[in-house]
Amino acid sequence: MAGGTLTRLDLSEAVFREVGLSRNESADLVETVLQHLSEALVKGESVKISSFGTFSVRSKTARMGRNPKTGVEVPINPRRVLTFRPSHLMKERVDAGNKS
């Protein structure tokens, strides 16, 4: 990983090393998977990856917000937001990593 962040390049390198595809095929595979995930989320579908978690899109209604610096109220438009809910296994793995 470059600088503590997992990138597309890191993922395609991992596929290259673990699966044995060429670097170009590995990069194409990672791009294709990410494209399918994105397209499903844009359509409003949930994406569940077993032992990892679930990505979903949630609609938020319009509401009044407040600028914390000035105290002026401003309307916040309705929007769709991406949410992620980790699986129990992922939570346990992350928690175990915190203990080492």
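S26 is buried, with a relative accessible area of 0%. That value comes from a predicted model. Buried means under 20% relative accessible area, so S26 qualifies.

Where does S26 sit? It lies in helix α2. Its side chain has a polar atom 3.3 Å from the backbone nitrogen of F16. Which residues does S26 contact, once neighbours within four places in sequence are left aside? They are S12, V15, F16 and L21.

**Helix α1**

Helix α1 runs over residues 8-19. It has 12 residues. From its first C-alpha to its last it reaches 16 Å, close to the 16 Å expected at 1.5 Å a residue. D10, S12 and V15 are buried in α1. What covers the buried residues of this helix? The cover includes α2. S12 and V15 are also among the contacts of S26. An α-helix has 3.6 residues a turn, so residues three or four places apart point the same way. After α1 comes G20. The phi of G20 is positive, near 95°.

**The largest pocket**

How big is the largest pocket? Its volume is about 410 Å³. Two elements give two or more residues to its lining: α1 (8-19) and α2 (23-42). Which gives the most? That is α2, with 7 residues. The lining has 14 residues. Nearest the centre of the pocket lie L11, V33, L34, L37 and I49.

**S51 in a loop**

S51 lies in the loop between β1 (47-49) and β2 (53-60). Is S51 buried or partly exposed? It is partly exposed, with a relative accessible area of 38%. Buried residues must fall under 20% and exposed ones over 50%, so S51 is placed in between.

S51 and M90 are 39 residues apart along the chain. Their C-alpha atoms are separated by 6.3 Å. Not counting residues up to four places away in sequence, S51 touches S87, L89 and M90.

| Residue | Place | Relative accessible area |

Terms used
Residues numbered from 1 in each chain as written. Predicted model: local features only at pLDDT ≥ 70, side-chain atom pairs only at ≥ 80, totals over all residues. Heavy atoms only, no water. 1 Å grid on protein atoms, 1.4 Å probe; cavity = no way out; pocket = protein on both sides within 12 Å on 5 of 7 lines; lining within 4 Å. Points joined across faces, edges and corners; volume = space filled by probe spheres on them. Helix = DSSP H or I, 4+ residues; strand = E, 2+ residues; numbered from the N terminus. Buried < 20%, exposed > 50% of the residue type's maximum accessible area, 1.4 Å probe, protein only. Polar contact = N/O pair within 3.5 Å; in protein donor to acceptor, adjacent residues only side chain to side chain. Contact = heavy atoms within 4.5 Å. Expected span 1.5 Å × (residues − 1).
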